[in-house]
Amino acid sequence: MKLRVLLPLLVFGLIAVIAVLIPVAQSIADSRTQQVALQRQASLDQVVQRARTALVQGGTSSLQTYVDRFHAVYGEAVLVLDESGDAVASAGGLSPDVDVRSIAGAASRAIPQVSLPRVTPWAPDTALVAVPVIAAGDLSTGVVVIEVDLARAKADVGAAWALVAVVGFLLLSALMGASLLWTRWILRPVRALDSAVAALTAHREPVPLRPTGPPELRRLSRAFTTMTDEVENTLEQQRGFVADASHQLRTPLAAIRLRVDSIPRDPDAADDLAAVDHDLDRLEHTVERMLTLANAEHRASASRQGYDAARDEGAERECRVSASELGDLHRWRLDEAGVTLEDADDTVVAVPCGRADLDEMVQVLLDNAANYAGRGARVGLTLDDDGEGVTLRVDDSGAHLADADLESMGTRFWRAGAHRSTPGTGLGLAIVAELMRAAGGTLHLERSARGGLAARLEWRRR
């Protein structure tokens, strides 16, 4: 974004500087050209006067002497022609070639040819000028041709243009510096907002914004800070509500359980009491899972802000375990459900997660396989360390999952339509996801190559 803002400013600044410097450079060249022309005009007048006297009176020795002195002083070649085009005096080796005769012919018509090309660093080093020698009756009796030396004028123009270029470069540098400062001042709050949005999206604690830049962006920064605080407060209130509600429900549930257990078991009411016991079991299990989820969410939120209460209390946040060890703890549950747990590897891997949390997550994933994969299904459990991170994978050969079901998995209290009658709370995968976030990892749910669900727990090394 900085380049997109800065580039137009620099382009427009370059155009403005060039638009100013080009007329200045042209003015310098024109002024120097005019100066050379005026100087040579005075010299030409002196040569013309002596040429007129020599051509009218017929003596050319004095004219030749003056021409030689002129060449010695100015270093420029001079040629004086009579009305027939013959040379009567010359100095500097200027011969009547085609160019000389052309300009002399134009001047012989009483039209002075004294216009010089604009002196630039790439202009020719010399230029021919010619002035007619006018006698009585305004008739041309000859022509004076001078080869004007432009080398010194070209050097002066080149030096002046170099100075102009240096001034232009300094102006452009100053403009670039001012543009950089201006762009940085404008974009500093935008970059801060971008970082804050990225932190908020990644569920990290955003860096407090310091209102800077234009007034509009300062107001935006203050509004974003207010919004972030409100979002964090809302989420904290939501987590607190779940935890408080779950805690408050445990007491009346315990009282109801006590009263139900104390009711005499009348054979006529046995079925009703059994149904009440079953519902109480489900409710107690739901409340327990809600408390577990609330605790996991609290730890995940604290971990995003760089605080880990478990680590601060001395709990280990890493365990060394093998896939076979994890699977053997729950093999009996799968056997009861008619699901086969395949033999796992005995290789011990260091997992960056507490053992209690890891057992909790593996239990949820294997319970899901036992409940929903169906009898006869096969479940695989692998644990690998590839050098870039640790991956734990649980996949089964259960029923084919619909795309809509795969996208909705992990949502709180969500249950697939085909499994709504199966015991469960719909909170298991949500708990796993929060525990992984608290441990600095990620839960991925995808379709298994076996046909059922594949849950992948990843801890990547940074």
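In what order do the four strands of the open sheet lie, and is the pairing parallel or antiparallel?

1. The order is S2-S1-S4-S3 and the pairing is antiparallel, where strands (E, at least two residues) and helices (H or I, at least four) are DSSP runs numbered from the N terminus, and two strands pair if DSSP finds at least two bridges between them. Strand S2 (87-91) and strand S3 (126-134) are the edge strands, each pairing on one side only.

2. This is a predicted model, in which local features need pLDDT of at least 70 and side-chain atom pairs count only at pLDDT 80 or more, while totals for chains, interfaces and linings use all residues. Residues are numbered from 1 along each chain as its sequence is written, and side-chain values use heavy atoms, with hydrogens and water left out.

3. Strand S1 (residues 77-82) pairs with strand S4 (residues 140-149) over six bridges in the antiparallel sense, and Asp82 has Gly142 in S4 as its bridge partner.

4. Helix H2 (residues 61-74) lies across S1, S2 and S4 and runs at about 25 degrees to S2, whereas helix H3 (residues 98-107) lies across S1, S3 and S4 at about 35 degrees to S3; axes are lines fitted to C-alpha atoms, for helices over the stretch in contact (heavy atoms within 4.5 Å), and angles run from 0 to 180 degrees between N-to-C directions.
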